[in-house]
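Let's take a walk through this one together. Have a look at the fold before reading on.

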Amino acid sequence: MKKLTILGIESSCDDTSASIWQEGQILSNCVANQDAHKLYGGVVPEVASRAHLENIIPVVNKAIVESKVSVDDIDAVAITKGPGLLGSLIVGVSFAKSLAYSLDIPLIEVNHMQAHILAHFIDDPKPKFPFLCLTVSGGHTQIVKVTDHLEMEVIGTTIDDAAGEAFDKTGKILGLDYPAGPIIDELAKLGKAKFEFAKPNIADLDFSFSGLKTSILYFLKRKIKEDPNFITDNLNDICASVQKSIVDILLSKLKKAQSQTGIKEIAIAGGVSANSGLRGALNKTSVELGWNTYIPKISYCTDNAAMIAMAGYYKFNIGEFAGQDMAPMARMKM
Ligand code: KG4
Ligand code: ZN
């Protein structure tokens, strides 16, 4: 019997990715990263769109070849509709539409943030409903209550910067390349979290990271006045301290959400969930407080099309297809 096969495509930010999902497993998950943004210290939307245009056909082709399925086996094309950079989304959506049209198969629109959470359903063990998911990426920081594959409610969010931005913007101050999150993670492993920064005091389950960034900036300015080599001589300890501050903020809100909802199934998702400090702190807390925690493998934390194909499957199941008039959305609610 023919196996259900879905092609997922992701192009919301600076990674072009394509993946083939077939009956319960991911057969391929190809990602083309864009190094060009390193030069600018952040993602430049026009540069990202151009790179998607160059990468999209080779990446989709690679995903199909690696999966060993034939193009005619593909039953549907799942594509990120938003949120993300509009120019980047347009490239993916236009390509997905053309492909679905030419193969005469359904097109499925996927919410990028929802897909980050559904990445948990690619491998075992899978979280049980209801569960809480801390979704932390370069553009978002949310605590989401998940009651079913496609039923999700955001119960906490950032009022300013996202957790990934806190890593990236601090990294820029420290002179690190973009994206600084993974670099800070590596350097933090070599240092001690011996510096303290002001902690935000935000109501309910919401987050704020812009105050932390300012606190770090003023701390560094003060220290550099005393010792011009302060950053170079203390880089590992600064990174460890920055990482601990960000992880502490995330964990304290997650604990609050857990006690408010009584839900002990706890997951993390999004690029920042690749952070070793966050992963370690979550594992420690799960032992202390008896949580069941779910941490995706690194390649399903950062932007990838496997999660888009996975989300596509749940929509395929309920027959939720998009029309050829579908348009991407830079801002898109769950
Ligand atoms: O989910 P993602 O790949 O793209 C968005 O949807 O934004 O997340 C990218 C973010 C960046 O801010 C990057 O610095 C951060 O995730 N990131 C990390 C790590 N790996 C990626 N932050 C901290 N530690 C990491 N290991
Ligand atoms: Zn993402």
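How far apart do the C-alpha centres of domain 1 and domain 2 lie? In this predicted model, they sit 27 Å from each other. Domain 1 is made of two stretches, 5–118 plus 301–317, while domain 2 covers 127–295.

Now turn to where the two domains meet. On the domain 1 side, 17 residues are in contact with 20 residues of domain 2. Together the domains bury about 1500 Å², and 74% of that is on carbon and sulfur atoms. Three residues stand out here: Met 113, Ile 117 and Cys 301 supply 39% of the area that domain 1 buries against domain 2, more than any other three residues. If you want to know which elements of domain 1 do the touching, α3 and α9 are the ones giving two or more residues. Helix α3 gives the most, with five residues.

The zinc ion (ligand 2) is held by His 112 (NE2), His 116 (NE2) and Asp 303 (OD), at 2.0 to 2.1 Å. Along the sequence, these donors follow the spacing H-x3-H-x186-D. His 112 belongs to helix α3 (residues 112–118) and Asp 303 to the loop between β10 (292–294) and α9 (306–317), so this pair ties together parts that are 191 residues apart in sequence.

Finally, a few backbone details deserve a stop. Most residues other than glycine have a negative phi, and most peptide bonds are trans. Against that background, the bond from Phe 129 to Pro 130 is cis, with omega near -10 degrees; Pro 130 is in the loop between α3 and β6 (131–136). The bond from Tyr 178 to Pro 179 is cis as well, again with omega near -10 degrees, and Pro 179 lies in the loop between α4 (163–173) and α5 (180–188).

Then there are two non-glycine residues with positive phi. Glu 23 has a phi of about 35 degrees and is found between β2 (16–22) and β3 (25–32), in a loop. With 45% relative accessibility, Glu 23 counts as partly exposed. Asp 104 has a phi of about 55 degrees, in the loop between α2 (86–103) and β5 (107–111). Asp 104 is exposed, with a relative accessible area of 70%.

Note on methods:
Residues are numbered from 1 along each chain as its sequence is written. Chains are lettered from A and ligands numbered from 1 in the order in which they are written. This is a predicted model: local features need pLDDT of at least 70, side-chain atom pairs count only at pLDDT 80 or more; totals for chains, interfaces and linings use all residues. Side-chain values use heavy atoms; hydrogens and water are left out. Donors are N, O and S atoms within 2.8 Å of the metal (3.2 Å for Na, K and Ca); water is not among the atoms, so sites may look incomplete. Helices (H or I, at least four residues) and strands (E, at least two) are DSSP runs, numbered from the N terminus. Domain bounds come from an automatic or database domain assignment. Contact means heavy atoms within 4.5 Å. Buried area is the accessible area (1.4 Å probe) that two parts lose on being put together, summed over both. Buried means under 20% relative accessible area, exposed over 50%, partly exposed in between (1.4 Å probe, protein chains only).
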